[in-house]
Amino acid sequence: MLDGEYGPAVAKSMELLVAVGKIFEAERLIPIESAHVSGVSYKNLGDAGLEFLEEQADMGARVRVNTTLNPAGMDLDLWMDLGVPEGFAVKQMRVIKAFKNMGIETTCTCTPYLVGHVPRFGSQIAWAESSAIAYSNSVIGARTNRESGPTTLASAITGRAPLCGYRLDENRAPQKIVVVNAKLRTPFKYSALGYLVGEKVGSAVPYFKGIFHPDLDSLKALGAALATSGGIALYHIGGVTPEAPRFGEEALKGLEKISVDEKDLREISRRLSSEVKDPIICLGCPHCSLKELKHYSKLIRGRHLRQRLIAFTSRGVYEEAKKEGYVKDIEYAGGRVFRDTCMVVAPLKEMGWKEISTNSFKAAHYASSMGISTHLDTAEHILREVSA
Amino acid sequence: MKFYGRAIVAGSAEGLALVSVEPISFYGGIDPETGIVTEPRHCIEGENVKNRVLIFPRGKGSTVGSYVIYRMKKRGIAPLAILNSDTDIITATGCVIAGIPLMDRFDEEFFRVLKTGTLLKLNASEGWVELISNLS
(Lines give C-alpha, C1' and ligand atoms only; values in the text may rest on other atoms or scores of the structure.)
Protein backbone atom coordinates (compact mmCIF):
# COMPACT_ATOMS: atom_id res chain seq x y z
CA MET A 1 0.00 0.00 0.00
CA LEU A 2 2.83 2.37 0.90
CA ASP A 3 4.55 1.77 -2.45
CA GLY A 4 1.72 3.20 -4.51
CA GLU A 5 0.50 -0.14 -5.80
CA TYR A 6 -3.04 0.88 -4.77
CA GLY A 7 -2.75 4.43 -6.06
CA PRO A 8 -1.47 7.73 -4.66
CA ALA A 9 -4.30 8.29 -2.16
CA VAL A 10 -3.69 4.96 -0.45
CA ALA A 11 0.09 5.52 -0.45
CA LYS A 12 -0.35 8.97 1.15
CA SER A 13 -2.75 7.59 3.76
CA MET A 14 -0.34 4.76 4.60
CA GLU A 15 2.49 7.25 4.93
CA LEU A 16 0.40 9.19 7.45
CA LEU A 17 -0.49 6.12 9.51
CA VAL A 18 3.13 4.95 9.52
CA ALA A 19 4.25 8.39 10.74
CA VAL A 20 1.62 8.38 13.49
CA GLY A 21 2.62 4.84 14.41
CA LYS A 22 6.25 5.94 14.65
CA ILE A 23 5.39 8.81 16.98
CA PHE A 24 3.47 6.52 19.34
CA GLU A 25 5.96 3.70 18.93
CA ALA A 26 3.37 1.32 17.51
CA GLU A 27 4.68 -2.09 16.66
CA ARG A 28 2.61 -2.41 13.49
CA LEU A 29 -0.59 -1.44 11.70
CA ILE A 30 -3.67 -3.57 12.26
CA PRO A 31 -6.94 -3.95 10.31
CA ILE A 32 -9.91 -1.88 11.48
CA GLU A 33 -13.61 -2.57 10.99
CA SER A 34 -15.16 0.87 10.86
CA ALA A 35 -14.31 4.55 10.71
CA HIS A 36 -16.03 7.75 11.78
CA VAL A 37 -14.49 10.88 10.28
CA SER A 38 -14.48 14.33 11.93
CA GLY A 39 -13.52 17.66 10.41
CA VAL A 40 -16.65 18.00 8.30
CA SER A 41 -17.92 21.49 9.09
CA TYR A 42 -16.55 24.08 6.70
CA LYS A 43 -16.31 26.36 9.74
CA ASN A 44 -13.48 24.17 11.07
CA LEU A 45 -11.98 22.99 7.78
CA GLY A 46 -11.76 26.32 5.99
CA ASP A 47 -10.46 26.44 2.43
CA ALA A 48 -7.33 24.49 3.44
CA GLY A 49 -9.33 21.45 4.52
CA LEU A 50 -11.73 21.70 1.59
CA GLU A 51 -8.85 21.71 -0.88
CA PHE A 52 -7.24 18.71 0.79
CA LEU A 53 -10.46 16.67 0.73
CA GLU A 54 -11.22 17.52 -2.90
CA GLU A 55 -7.70 16.58 -3.91
CA GLN A 56 -7.99 13.26 -2.05
CA ALA A 57 -11.26 12.49 -3.83
CA ASP A 58 -9.78 13.49 -7.21
CA MET A 59 -6.75 11.27 -6.55
CA GLY A 60 -9.14 8.36 -6.36
CA ALA A 61 -9.34 7.88 -2.59
CA ARG A 62 -12.07 5.36 -1.71
CA VAL A 63 -12.87 3.99 1.74
CA ARG A 64 -12.41 0.29 2.48
CA VAL A 65 -14.52 0.05 5.64
CA ASN A 66 -17.93 1.30 6.73
CA THR A 67 -17.38 5.03 7.28
CA THR A 68 -19.70 7.74 8.59
CA LEU A 69 -19.30 11.50 8.99
CA ASN A 70 -19.42 13.90 11.91
CA PRO A 71 -21.86 16.85 11.81
CA ALA A 72 -21.47 19.48 9.11
CA GLY A 73 -21.87 23.23 9.63
CA MET A 74 -25.53 23.20 8.57
CA ASP A 75 -28.64 21.14 7.85
CA LEU A 76 -27.80 20.04 4.29
CA ASP A 77 -31.36 20.77 3.06
CA LEU A 78 -32.75 23.34 5.49
CA TRP A 79 -29.67 25.56 5.85
CA MET A 80 -31.58 28.67 4.79
CA ASP A 81 -34.13 28.19 7.63
CA LEU A 82 -31.20 27.92 10.01
CA GLY A 83 -29.84 31.26 8.78
CA VAL A 84 -26.58 29.93 7.34
CA PRO A 85 -25.04 32.32 4.76
CA GLU A 86 -25.10 31.11 1.14
CA GLY A 87 -21.33 31.43 0.67
CA PHE A 88 -20.79 29.06 3.58
CA ALA A 89 -23.43 26.63 2.28
CA VAL A 90 -21.78 26.36 -1.14
CA LYS A 91 -18.40 25.48 0.41
CA GLN A 92 -20.05 23.07 2.85
CA MET A 93 -21.76 21.20 0.01
CA ARG A 94 -18.36 20.85 -1.76
CA VAL A 95 -16.97 19.26 1.41
CA ILE A 96 -19.86 16.77 1.54
CA LYS A 97 -19.49 15.97 -2.16
CA ALA A 98 -15.79 15.21 -1.73
CA PHE A 99 -16.57 12.78 1.13
CA LYS A 100 -19.40 11.20 -0.87
CA ASN A 101 -17.04 10.67 -3.80
CA MET A 102 -14.77 8.72 -1.47
CA GLY A 103 -17.62 6.33 -0.70
CA ILE A 104 -18.43 7.68 2.76
CA GLU A 105 -21.99 7.63 4.14
CA THR A 106 -22.86 11.30 4.51
CA THR A 107 -24.92 10.74 7.66
CA CYS A 108 -23.35 13.75 9.43
CA THR A 109 -23.94 12.93 13.08
CA CYS A 110 -21.92 12.78 16.30
CA THR A 111 -24.02 9.73 17.32
CA PRO A 112 -23.38 7.19 14.53
CA TYR A 113 -24.06 4.47 17.12
CA LEU A 114 -27.72 5.61 17.25
CA VAL A 115 -28.28 5.22 13.53
CA GLY A 116 -26.92 1.79 12.73
CA HIS A 117 -23.15 2.32 12.82
CA VAL A 118 -22.51 0.13 15.87
CA PRO A 119 -19.19 -1.65 16.35
CA ARG A 120 -19.00 -4.93 18.25
CA PHE A 121 -17.40 -5.38 21.68
CA GLY A 122 -13.65 -5.60 21.16
CA SER A 123 -13.69 -4.35 17.52
CA GLN A 124 -10.74 -2.27 16.41
CA ILE A 125 -12.18 0.91 14.90
CA ALA A 126 -10.87 4.37 13.94
CA TRP A 127 -13.26 6.99 15.20
CA ALA A 128 -12.90 10.72 15.60
CA GLU A 129 -15.46 12.93 17.42
CA SER A 130 -14.53 12.93 21.06
CA SER A 131 -18.03 12.07 22.37
CA ALA A 132 -18.41 9.12 19.98
CA ILE A 133 -14.91 7.91 20.92
CA ALA A 134 -15.85 7.94 24.61
CA TYR A 135 -19.11 6.12 23.85
CA SER A 136 -17.67 3.42 21.59
CA ASN A 137 -14.70 2.72 23.86
CA SER A 138 -16.58 2.81 27.16
CA VAL A 139 -20.20 1.81 26.58
CA ILE A 140 -19.69 -0.57 23.65
CA GLY A 141 -16.18 -1.76 24.46
CA ALA A 142 -14.83 -1.23 20.94
CA ARG A 143 -11.26 0.09 20.62
CA THR A 144 -10.16 3.41 19.22
CA ASN A 145 -7.71 6.14 20.09
CA ARG A 146 -8.54 9.83 20.03
CA GLU A 147 -8.16 10.20 16.30
CA SER A 148 -8.20 13.37 14.18
CA GLY A 149 -10.02 14.05 10.90
CA PRO A 150 -7.04 13.26 8.64
CA THR A 151 -6.01 10.10 10.55
CA THR A 152 -9.53 8.60 10.55
CA LEU A 153 -9.80 9.35 6.85
CA ALA A 154 -6.44 7.64 6.26
CA SER A 155 -7.64 4.65 8.29
CA ALA A 156 -10.88 4.51 6.31
CA ILE A 157 -8.97 4.60 3.02
CA THR A 158 -6.46 1.92 4.01
CA GLY A 159 -8.58 -0.09 6.48
CA ARG A 160 -5.64 0.11 8.92
CA ALA A 161 -4.60 1.88 12.13
CA PRO A 162 -1.42 1.89 14.24
CA LEU A 163 -1.53 -0.59 17.12
CA CYS A 164 -1.04 1.64 20.17
CA GLY A 165 -2.84 3.42 23.02
CA TYR A 166 -6.37 2.24 23.80
CA ARG A 167 -6.11 -0.54 21.24
CA LEU A 168 -3.99 -2.46 23.74
CA ASP A 169 -5.34 -4.20 26.88
CA GLU A 170 -2.74 -2.70 29.18
CA ASN A 171 -3.76 0.88 28.38
CA ARG A 172 -7.44 0.34 29.12
CA ALA A 173 -7.07 -0.14 32.87
CA PRO A 174 -8.54 2.48 35.28
CA GLN A 175 -6.11 5.15 36.52
CA LYS A 176 -8.38 7.15 38.87
CA ILE A 177 -11.44 6.28 40.93
CA VAL A 178 -14.38 8.67 40.99
CA VAL A 179 -16.84 8.15 43.83
CA VAL A 180 -20.20 9.75 43.02
CA ASN A 181 -22.26 10.82 46.04
CA ALA A 182 -25.08 12.49 44.16
CA LYS A 183 -28.41 11.52 42.68
CA LEU A 184 -28.09 11.59 38.93
CA ARG A 185 -31.64 11.91 37.65
CA THR A 186 -31.18 13.72 34.32
CA PRO A 187 -28.68 13.69 31.45
CA PHE A 188 -27.96 17.28 32.53
CA LYS A 189 -26.50 16.01 35.80
CA TYR A 190 -24.41 13.43 33.98
CA SER A 191 -23.16 16.20 31.73
CA ALA A 192 -22.21 18.27 34.80
CA LEU A 193 -20.47 15.26 36.34
CA GLY A 194 -18.55 14.58 33.12
CA TYR A 195 -17.37 18.16 32.81
CA LEU A 196 -16.23 18.26 36.42
CA VAL A 197 -14.40 14.93 36.26
CA GLY A 198 -12.81 15.80 32.90
CA GLU A 199 -11.29 18.88 34.51
CA LYS A 200 -9.97 16.85 37.43
CA VAL A 201 -8.53 13.79 35.68
CA GLY A 202 -7.33 15.26 32.36
CA SER A 203 -6.69 12.39 29.98
CA ALA A 204 -6.59 9.51 32.47
CA VAL A 205 -9.03 6.56 32.48
CA PRO A 206 -11.59 7.10 35.28
CA TYR A 207 -13.49 4.31 37.05
CA PHE A 208 -16.84 5.50 38.43
CA LYS A 209 -18.42 4.11 41.57
CA GLY A 210 -21.92 5.07 42.67
CA ILE A 211 -23.62 5.39 39.28
CA PHE A 212 -26.68 3.15 38.97
CA HIS A 213 -28.81 2.28 35.93
CA PRO A 214 -27.87 5.18 33.66
CA ASP A 215 -29.86 5.22 30.43
CA LEU A 216 -28.21 5.57 27.05
CA ASP A 217 -28.85 9.32 26.91
CA SER A 218 -27.13 9.80 30.25
CA LEU A 219 -24.05 7.88 29.10
CA LYS A 220 -24.00 9.87 25.88
CA ALA A 221 -24.05 13.11 27.92
CA LEU A 222 -21.43 11.88 30.40
CA GLY A 223 -18.91 10.87 27.74
CA ALA A 224 -19.37 14.05 25.73
CA ALA A 225 -18.62 16.22 28.76
CA LEU A 226 -15.69 14.07 29.94
CA ALA A 227 -14.07 14.49 26.53
CA THR A 228 -14.70 18.25 26.46
CA SER A 229 -13.05 19.48 29.64
CA GLY A 230 -10.55 16.61 29.65
CA GLY A 231 -9.07 14.42 26.97
CA ILE A 232 -10.94 11.33 28.13
CA ALA A 233 -11.40 8.60 25.53
CA LEU A 234 -12.35 5.76 27.86
CA TYR A 235 -14.12 5.42 31.21
CA HIS A 236 -15.52 2.54 33.21
CA ILE A 237 -18.58 2.44 35.47
CA GLY A 238 -18.71 -0.32 38.07
CA GLY A 239 -21.72 -2.54 37.40
CA VAL A 240 -22.57 -0.77 34.13
CA THR A 241 -19.96 -0.71 31.36
CA PRO A 242 -18.80 -3.97 29.76
CA GLU A 243 -15.10 -3.87 30.68
CA ALA A 244 -15.61 -2.82 34.31
CA PRO A 245 -15.78 -6.45 35.56
CA ARG A 246 -12.20 -6.94 34.33
CA PHE A 247 -11.04 -4.60 37.07
CA GLY A 248 -11.74 -5.98 40.54
CA GLU A 249 -10.69 -4.54 43.90
CA GLU A 250 -7.11 -5.66 43.24
CA ALA A 251 -6.84 -3.57 40.07
CA LEU A 252 -8.38 -0.55 41.78
CA LYS A 253 -6.23 -0.72 44.89
CA GLY A 254 -3.93 2.23 45.38
CA LEU A 255 -5.52 4.41 42.70
CA GLU A 256 -6.16 8.05 43.52
CA LYS A 257 -9.77 8.67 44.61
CA ILE A 258 -11.89 11.68 43.75
CA SER A 259 -15.27 12.31 45.36
CA VAL A 260 -18.08 14.25 43.75
CA ASP A 261 -21.20 15.37 45.59
CA GLU A 262 -24.32 17.45 44.89
CA LYS A 263 -22.58 20.65 45.91
CA ASP A 264 -19.76 20.09 43.39
CA LEU A 265 -22.31 19.57 40.61
CA ARG A 266 -24.21 22.73 41.55
CA GLU A 267 -20.97 24.70 41.61
CA ILE A 268 -19.78 23.58 38.17
CA SER A 269 -23.23 24.39 36.75
CA ARG A 270 -23.06 27.88 38.22
CA ARG A 271 -19.54 28.41 36.95
CA LEU A 272 -20.32 27.43 33.34
CA SER A 273 -23.71 29.12 33.12
CA SER A 274 -24.24 32.78 32.18
CA GLU A 275 -27.22 35.09 32.48
CA VAL A 276 -29.14 35.38 29.22
CA LYS A 277 -32.04 37.62 28.16
CA ASP A 278 -33.20 36.37 24.79
CA PRO A 279 -31.60 32.96 24.21
CA ILE A 280 -32.17 30.42 21.47
CA ILE A 281 -32.91 27.13 23.19
CA CYS A 282 -30.61 24.45 21.79
CA LEU A 283 -31.01 20.79 22.62
CA GLY A 284 -29.10 17.96 21.00
CA CYS A 285 -25.41 18.04 21.91
CA PRO A 286 -24.70 15.19 21.34
CA HIS A 287 -27.48 14.70 18.77
CA CYS A 288 -30.91 13.89 20.27
CA SER A 289 -31.98 10.27 20.51
CA LEU A 290 -35.51 9.25 19.63
CA LYS A 291 -36.27 8.99 23.34
CA GLU A 292 -35.09 12.56 23.94
CA LEU A 293 -37.15 13.99 21.07
CA LYS A 294 -40.18 12.12 22.39
CA HIS A 295 -39.56 13.52 25.88
CA TYR A 296 -39.14 17.11 24.64
CA SER A 297 -42.18 16.92 22.39
CA LYS A 298 -44.30 15.72 25.33
CA LEU A 299 -43.05 18.55 27.55
CA ILE A 300 -44.21 21.22 25.07
CA ARG A 301 -47.07 19.46 23.30
CA GLY A 302 -50.06 21.76 22.95
CA ARG A 303 -48.12 24.63 24.51
CA HIS A 304 -46.67 27.76 22.95
CA LEU A 305 -42.98 28.61 23.09
CA ARG A 306 -41.93 32.16 23.86
CA GLN A 307 -38.33 31.60 22.77
CA ARG A 308 -36.86 30.01 19.65
CA LEU A 309 -36.27 26.28 20.20
CA ILE A 310 -33.98 24.19 18.03
CA ALA A 311 -33.39 20.48 18.52
CA PHE A 312 -30.48 18.90 16.62
CA THR A 313 -30.48 15.27 15.61
CA SER A 314 -29.32 12.76 13.02
CA ARG A 315 -31.21 11.95 9.82
CA GLY A 316 -32.13 8.47 11.01
CA VAL A 317 -33.59 9.62 14.31
CA TYR A 318 -35.36 12.53 12.57
CA GLU A 319 -37.20 10.20 10.21
CA GLU A 320 -38.36 8.04 13.10
CA ALA A 321 -39.39 11.08 15.15
CA LYS A 322 -41.31 12.46 12.20
CA LYS A 323 -43.16 9.19 11.77
CA GLU A 324 -44.09 9.16 15.45
CA GLY A 325 -45.38 12.74 15.34
CA TYR A 326 -42.70 14.17 17.68
CA VAL A 327 -41.38 16.59 15.05
CA LYS A 328 -44.90 17.89 14.41
CA ASP A 329 -45.54 18.42 18.13
CA ILE A 330 -42.33 20.39 18.45
CA GLU A 331 -43.14 22.46 15.37
CA TYR A 332 -46.71 23.21 16.50
CA ALA A 333 -45.30 24.62 19.74
CA GLY A 334 -43.05 26.87 17.64
CA GLY A 335 -39.80 24.86 17.72
CA ARG A 336 -37.74 23.34 14.91
CA VAL A 337 -35.77 20.15 14.45
CA PHE A 338 -32.65 20.31 12.28
CA ARG A 339 -30.40 17.50 11.06
CA ASP A 340 -26.73 17.09 10.08
CA THR A 341 -25.38 19.87 12.33
CA CYS A 342 -25.37 21.30 15.87
CA MET A 343 -24.57 24.38 17.94
CA VAL A 344 -20.91 23.34 18.24
CA VAL A 345 -19.99 23.17 14.55
CA ALA A 346 -22.47 25.59 12.90
CA PRO A 347 -21.18 29.14 12.19
CA LEU A 348 -23.21 30.66 15.05
CA LYS A 349 -21.71 34.15 14.76
CA GLU A 350 -22.43 34.37 11.03
CA MET A 351 -25.95 33.19 11.80
CA GLY A 352 -26.36 36.14 14.12
CA TRP A 353 -26.68 34.11 17.33
CA LYS A 354 -25.75 35.84 20.59
CA GLU A 355 -27.21 33.75 23.43
CA ILE A 356 -28.27 30.15 23.91
CA SER A 357 -29.85 28.01 26.61
CA THR A 358 -28.90 24.34 26.69
CA ASN A 359 -28.63 21.25 28.87
CA SER A 360 -25.21 20.30 27.47
CA PHE A 361 -21.92 21.26 29.13
CA LYS A 362 -20.10 20.42 25.92
CA ALA A 363 -22.25 22.88 23.98
CA ALA A 364 -21.80 25.49 26.73
CA HIS A 365 -18.02 25.08 26.61
CA TYR A 366 -17.70 25.52 22.84
CA ALA A 367 -20.42 28.15 22.42
CA SER A 368 -18.79 30.27 25.16
CA SER A 369 -15.43 29.97 23.41
CA MET A 370 -17.13 31.35 20.26
CA GLY A 371 -18.37 34.34 22.26
CA ILE A 372 -21.96 33.11 22.66
CA SER A 373 -23.42 33.59 26.16
CA THR A 374 -24.76 30.28 27.38
CA HIS A 375 -27.29 29.42 30.05
CA LEU A 376 -27.23 25.87 31.44
CA ASP A 377 -30.13 24.01 32.99
CA THR A 378 -32.09 20.79 32.62
CA ALA A 379 -34.14 20.45 29.44
CA GLU A 380 -37.24 20.14 31.63
CA HIS A 381 -36.64 23.48 33.40
CA ILE A 382 -35.72 25.30 30.21
CA LEU A 383 -38.76 24.09 28.27
CA ARG A 384 -41.24 24.65 31.10
CA GLU A 385 -39.96 28.16 31.72
CA VAL A 386 -40.45 29.31 28.16
CA SER A 387 -43.71 27.61 27.25
CA ALA A 388 -47.27 28.28 28.26
CA MET B 1 28.68 19.58 12.69
CA LYS B 2 26.25 16.78 12.01
CA PHE B 3 23.37 15.72 14.26
CA TYR B 4 21.12 12.71 14.11
CA GLY B 5 17.41 12.51 14.91
CA ARG B 6 14.32 10.44 14.30
CA ALA B 7 13.03 10.64 10.73
CA ILE B 8 9.23 10.97 10.59
CA VAL B 9 8.53 12.33 7.09
CA ALA B 10 11.15 11.70 4.40
CA GLY B 11 12.77 14.35 2.19
CA SER B 12 15.75 16.67 2.09
CA ALA B 13 16.24 20.43 2.31
CA GLU B 14 18.81 23.20 2.64
CA GLY B 15 17.98 26.56 4.16
CA LEU B 16 18.12 29.00 7.04
CA ALA B 17 16.85 28.04 10.46
CA LEU B 18 14.01 29.85 12.21
CA VAL B 19 14.04 28.80 15.85
CA SER B 20 11.07 29.06 18.22
CA VAL B 21 11.50 27.97 21.82
CA GLU B 22 7.70 27.89 22.22
CA PRO B 23 5.18 25.44 20.71
CA ILE B 24 3.41 26.62 17.56
CA SER B 25 -0.28 26.53 16.67
CA PHE B 26 -0.61 26.47 12.90
CA TYR B 27 -4.36 27.08 13.18
CA GLY B 28 -4.79 30.66 14.28
CA GLY B 29 -1.11 31.15 15.11
CA ILE B 30 0.22 31.62 11.57
CA ASP B 31 -1.37 33.58 8.72
CA PRO B 32 -2.02 30.89 6.07
CA GLU B 33 -1.84 33.47 3.25
CA THR B 34 1.56 34.95 4.13
CA GLY B 35 3.36 32.56 6.49
CA ILE B 36 3.80 35.25 9.14
CA VAL B 37 3.50 34.18 12.78
CA THR B 38 0.56 36.16 14.16
CA GLU B 39 0.01 34.71 17.63
CA PRO B 40 0.21 37.66 20.04
CA ARG B 41 3.27 37.61 22.34
CA HIS B 42 4.67 34.49 20.67
CA CYS B 43 8.48 34.39 20.77
CA ILE B 44 8.69 34.53 16.95
CA GLU B 45 5.65 36.78 16.39
CA GLY B 46 6.08 38.71 13.14
CA GLU B 47 8.65 36.29 11.66
CA ASN B 48 7.90 34.55 8.36
CA VAL B 49 8.19 30.76 8.23
CA LYS B 50 8.21 30.67 4.42
CA ASN B 51 11.16 28.72 2.99
CA ARG B 52 12.81 28.39 6.40
CA VAL B 53 13.80 25.27 8.26
CA LEU B 54 11.33 25.77 11.11
CA ILE B 55 12.44 24.51 14.52
CA PHE B 56 10.10 24.36 17.54
CA PRO B 57 9.45 22.00 20.46
CA ARG B 58 6.10 20.66 19.25
CA GLY B 59 2.74 21.74 17.82
CA LYS B 60 -0.26 22.82 19.87
CA GLY B 61 -3.89 23.77 19.36
CA SER B 62 -6.60 22.59 16.98
CA THR B 63 -6.18 19.52 14.77
CA VAL B 64 -7.24 21.78 11.89
CA GLY B 65 -3.62 22.96 12.06
CA SER B 66 -2.68 19.98 9.88
CA TYR B 67 -4.76 21.37 7.04
CA VAL B 68 -3.19 24.80 7.48
CA ILE B 69 0.28 23.29 6.93
CA TYR B 70 -1.06 21.63 3.77
CA ARG B 71 -2.58 24.89 2.56
CA MET B 72 0.64 26.83 3.16
CA LYS B 73 2.56 24.29 1.12
CA LYS B 74 0.13 24.66 -1.79
CA ARG B 75 0.47 28.46 -1.60
CA GLY B 76 4.26 28.14 -1.64
CA ILE B 77 4.66 29.75 1.80
CA ALA B 78 5.37 26.65 3.90
CA PRO B 79 8.62 25.94 5.75
CA LEU B 80 11.20 23.88 3.80
CA ALA B 81 11.37 21.38 6.63
CA ILE B 82 10.32 21.07 10.27
CA LEU B 83 12.50 19.91 13.19
CA ASN B 84 10.85 19.30 16.58
CA SER B 85 12.06 18.25 20.03
CA ASP B 86 9.22 15.77 20.30
CA THR B 87 6.75 16.02 17.46
CA ASP B 88 2.98 15.81 17.87
CA ILE B 89 0.21 14.36 15.78
CA ILE B 90 -1.02 17.69 14.35
CA THR B 91 2.38 18.71 13.00
CA ALA B 92 3.19 15.20 11.77
CA THR B 93 -0.15 14.89 9.98
CA GLY B 94 0.34 18.27 8.32
CA CYS B 95 3.86 17.39 7.19
CA VAL B 96 2.78 14.06 5.70
CA ILE B 97 -0.16 15.44 3.73
CA ALA B 98 1.88 18.45 2.58
CA GLY B 99 5.08 16.49 1.88
CA ILE B 100 7.31 18.52 4.21
CA PRO B 101 10.36 16.72 5.68
CA LEU B 102 10.00 16.23 9.44
CA MET B 103 12.41 14.99 12.11
CA ASP B 104 12.52 15.03 15.90
CA ARG B 105 14.43 13.81 18.98
CA PHE B 106 17.88 15.34 18.57
CA ASP B 107 20.59 15.68 21.22
CA GLU B 108 20.22 18.58 23.66
CA GLU B 109 23.44 19.90 22.11
CA PHE B 110 21.68 20.45 18.78
CA PHE B 111 19.17 22.93 20.19
CA ARG B 112 21.94 24.70 22.11
CA VAL B 113 24.15 25.44 19.12
CA LEU B 114 21.33 26.11 16.71
CA LYS B 115 20.27 29.72 16.18
CA THR B 116 17.87 31.54 13.92
CA GLY B 117 19.83 32.25 10.74
CA THR B 118 22.01 29.13 10.89
CA LEU B 119 22.37 27.56 7.43
CA LEU B 120 21.29 23.92 7.59
CA LYS B 121 21.41 20.98 5.27
CA LEU B 122 19.22 18.01 6.18
CA ASN B 123 18.12 14.63 4.99
CA ALA B 124 15.00 13.40 6.78
CA SER B 125 15.12 10.10 4.91
CA GLU B 126 18.47 9.28 6.47
CA GLY B 127 17.79 11.20 9.67
CA TRP B 128 20.59 13.80 9.81
CA VAL B 129 21.02 17.57 9.95
CA GLU B 130 24.27 19.35 9.15
CA LEU B 131 25.06 22.85 10.44
CA ILE B 132 26.79 24.58 7.54
CA SER B 133 27.32 28.01 9.07
CA ASN B 134 26.07 30.47 11.64
CA LEU B 135 25.30 33.63 9.70
CA SER B 136 23.98 35.59 12.64
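**Chain B overall**

I began by counting elements: chain B holds four helices and eight strands. Helices (H or I, at least four residues) and strands (E, at least two) are DSSP runs, numbered from the N terminus. Going along the sequence, I wrote down the pattern of chain B as β-β-β-α-β-α-β-α-β-α-β-β. Its radius of gyration is 13 Å, close to the 14 Å that the globule rule gives for 136 residues, so chain B is as compact as a globular protein of that length. For my own reference, that radius is taken over C-alpha atoms, and the rule is 2.2 Å times the number of residues to the power 0.38.

Before going on, I noted that this is a predicted model, where local features need pLDDT of at least 70, side-chain atom pairs count only at pLDDT 80 or more, and totals for chains, interfaces and linings use all residues. Residues are numbered from 1 along each chain as its sequence is written, while chains are lettered from A and ligands numbered from 1 in the order in which they are written.

I then boxed the C-alpha atoms of chain B along the principal axes and got roughly 35 × 30 × 25 Å. Of the 136 residues in chain B, 46% are buried (20 or more other C-beta atoms within 10 Å of a residue's own, with C-beta atoms placed from the backbone). Among contacts in chain B with a separation of 6 or more, 70% come from residues 24 or more positions apart; a contact here means C-beta atoms, placed from the backbone, within 7 Å.

How many residues of helix 3 of chain B are buried? I found 10 of 10 for this helix, residues 89-98, including B:Cys95 and B:Ile97. Just after it, B:Gly99 has a positive phi of about 75°.

In chain A I checked helix 5 (residues 149-158), and 10 of its 10 residues are buried too. Among them are A:Pro150, A:Leu153 and A:Ile157. A:Gly159 follows helix 5 of chain A, with a positive phi near 70°.

**A sheet in chain A**

My last stop was an open sheet of five strands in chain A, ordered 12-11-10-13-14 with parallel pairing. Two strands pair if DSSP finds at least two bridges between them. Strand 12 (336-339) and strand 14 (373-376) of chain A are the edges, each pairing on one side only. Inside the sheet, strand 10 (residues 280-288) and strand 11 (residues 309-313) of chain A run parallel and are joined by four bridges. I also jotted down that A:Ile281 stands opposite A:Leu309 of strand 11.

Conventions:
A residue is buried if 20 or more other C-beta atoms lie within 10 Å of its own, exposed if 12 or fewer, and partly exposed in between; C-beta atoms are placed from the backbone. Two residues are in contact if their C-beta atoms, placed from the backbone, lie within 7 Å.
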